[in-house]
Structures are given as C-alpha cells and as structure tokens.
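Please keep the sequence and the model in view while reading.

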Amino acid sequence: MNITAVRHYKRHLALRRPYTIARSTISAVEIVFLEVHLAGGLVGIGSSSTDQDVVGESADDTLANLETRAAELLVGKDIRTFQGLIGEVRGLFPLHPGTQAAIDLALHDAFCQWIGIPVADFYGRQHHRLPTSVTIGIKGVDETLQEAQEYRQLGFRVLKVKTGLDVAEDVERLVKLRERFGNHFAIRVDANTGYDLERLKAFMKVTDGLDVELVEQPLPPGNEEAIGTLPGEIRSRLAADESLKDASSALRLCHGMPYGIFNIKLMKCGGIMGALEIATIARQAGISLFWGCNDESAASISAALHAAFACPHTRYIDLDGSLDLAEDFVDGGFILEDGCMRLPEAAGLGIKKRDS
C-alpha cells in the first residue's frame, strides 16, 4: 500500500486559560499537523507542538522542513516500510524532533490503520487504563484552590502543581491543598528548572509530610552531579524532563542514577520510535516512566498514550495537554472517565480529522 499524498498545515490555537510556569506565561500554542494519505483512502494524522526553549525547534521550523522534504521523502513509498522511513527522517533532521514526531505519528497511524490494530497493540499493550494528572500553573493560593475544586468536580484524582519561583509560596500552596482536600488528590510538583540545590533541599524538607508523589526537573540541565549528592529516597522521586531529550541523554542520565523517573515527551524525542528507545534504556536501569506533554493536539496526546500503554514500567501519565486547548483539529484518540484515560477500540491512533 503506497503513500499517495502528504498535507501539512499550521494552526494557532488559544488555550482555555493562560498559565504560568517558572520560565514564562503561556496563552496560546502553534501546532503543525501532517496528513499521510494512502492509496486505499486511509489517512494517517500526526502533529507537532514543540517547546523552542527545550528542543530548539519552532512551529515555523517544522512547517518549513515538511514543505521542503515531506513529499519527496514519503510520496510513492510503501507504508509497510514506515519504520525505515522514520529512520530516514531522523537522519535528515537530527536536531528537529518536532519534524520527526509529526512524520513518525502520521506513519504509525496510517500503518496501524492499514493492518487494523491500535498502535499500542502493535507494540504489545501492557496497560488499559491509567489516571492522568491535570496541571495547575503558578498562581495564588485562592486561585490554586479554586482550580483544584473544579478538577475535583470533574473527577480528577491527581494534580500536578507548577512551582519554582518562590519556595515559601510553593510550600504554602501545597499545604493549603492538603488542608482543603486531604488525601483526595495525589500531588505531583513540576519546578521547571526553577530551583537551585539549596532551595530544592529546603523544599523537600518542608514538604516531607505532604505526601508529594514526585518532583519534576527541579534544577536546570547540567546539574545532574549535584542531584546525585541527594539521598536515594529523594532521587527516586525526582523526574528528569528538560534534561531528558533522546536515547543518548537517557544513557547519560543512567550514569550515577540522579533521577528515579524519566518524563518522556514525544515532542522532545521525535515520536513513538524515539520514545520507545528511551523506554527500553529506562527499563534496563530500573527507572520508572512518566509520560508528559506540552499543550498539544489530541493527535499527539493519543500517540503518547499508545506508547505509554505499551511499556510495562509506565507508572505515571500527565497527558492533559489537549484539555487546555480552546479548540482542536481532530476528534477521538482517548477516552477520559473520572480522571482516567483509556484508548478507544479503533485502529491506528484512533483519531479523525474534525469536520470544518
């Protein structure tokens, strides 16, 4: 079954509400979509939503790459060779994981639609249902509690609270969450590189009794040696995010084991194939998997969920990125019930282009 056409386009999508992290405030996102059309009429869909600060690729970079090379690389090729095609793309665009991801996802979707099974089953499904966290940005105590109450009413049981600007304020918000909601929520923290070692130590000490499940990327990349000086019990609850980009960085992070958890994002590592390479390394090192996202379309969120469900050592998911969008360009991809995510009974990624 040959690829007959590719189509790509960029969309500027507003968020339902802006949010603040340690680096910036975000109110909208640019997403690049890619369609791979097969001779039999099937269409595979991929998307890219990169973070310029983390991976060094903008939506315009992705779009330019697809405009100049996508048709040449893909049109006329047999979809059965999709993994080899992804390998070619990775070789051509080694510094552009967003470009890799858009093509990787679209090819996975098209191939698995053609053979008639979900992507997770192609790789060997290990999970069927997992709770996702929902994210609260850096904001005041009252706003934090109000947003948490909204999530409670929607059925969510896991919060990820952004921190990293002021330790005292970070701790106050967590204390107030526990006072108001008790143990209703599991609480995760994402410092987005906002701490230094001393502030991290202070934060971990003061929050010791608050049952914080994990802390994501507390220090900027390059501080792994400093993190390695912390007790093993603390390091086991630290998750690498900005420090973890691809399989090579995963290998480096296994030396000395500064992190007990790897946060895999398809937009950092170039898609499903790159993610599974990291997952294989982590499994051999005894490192748990935490699947994250940017503000993304359900197209790439569903791809991350398929990859997560194919890995036995997946322990956490934070795949709420499409819930932040005021609108999307695809439907389907996952089913969200009482804060838990599962996959639909559909081939490929289970997504369809939304009717205009």
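## A residue in a strand

Ile26 has a relative accessible area of 17%, and because a residue counts as buried when this value is under 20%, Ile26 is classed as buried. The model in which this value was computed is a predicted one. As for its place in the chain, Ile26 belongs to strand β2, which covers residues 25-38.

Another way to locate Ile26 is to relate it to Cys112, from which it is separated by 86 residues in sequence. In space, the C-alpha atoms of Ile26 and Cys112 lie 34 Å apart.

## The chain as a whole

The chain contains 14 helices and 16 strands. Its radius of gyration is 20 Å, close to the 21 Å that the globule rule gives for 356 residues, and the chain is therefore as compact as a globular protein of that length. Taken along the principal axes, the box filled by the C-alpha atoms of the chain is roughly 60 × 45 × 35 Å.

Burial can also be considered for the chain as a whole: of its 356 residues, 58% count as buried. If we look at contacts between residues at least 6 apart in sequence, we find that 73% of them join residues at least 24 apart.

## Two helices that meet

In general, two packed helices are described by the angle between their axes and by the distance between those axes. Here the helices are α7, made of residues 167-181, and α8, made of residues 197-206, and their axes come within 10 Å and cross at roughly 25°. Because angles under 35 degrees count as roughly parallel, α7 is described as roughly parallel to α8. The crossing of these two helices is right-handed.

Which residues in α7 and α8 meet? On the side of α7 they are Val167, Asp170, Val171 and Leu174, while on the side of α8 they are Arg199, Phe203 and Val206. Sorted by class, the contact of α7 with α8 has 5 nonpolar and 2 charged residues, and no polar ones.

Is Thr207 buried or exposed? With a relative accessible area of 4%, Thr207 is buried.

When residues up to four places away in sequence are not counted, Thr207 touches Val171, Leu174 and Val212. Val171 and Leu174 are also among the α7 residues that meet α8.

Methods. Residues numbered from 1 in each chain as written. Predicted model: local features only at pLDDT ≥ 70, side-chain atom pairs only at ≥ 80, totals over all residues. Heavy atoms only, no water. Axes fitted to C-alpha atoms, helices over the stretch in contact; angles between N-to-C directions. Helix = DSSP H or I, 4+ residues; strand = E, 2+ residues; numbered from the N terminus. Parallel < 35°, antiparallel > 145°, perpendicular 65-115°, else oblique. Left-handed = near helix turned anticlockwise from the far one by under 90°. Contact = heavy atoms within 4.5 Å. Nonpolar A, V, L, I, M, F, W, Y, C, P; charged D, E, K, R; others polar. Rg over C-alpha atoms; globule rule 2.2 N^0.38 Å. Buried < 20%, exposed > 50% of the residue type's maximum accessible area, 1.4 Å probe, protein only.
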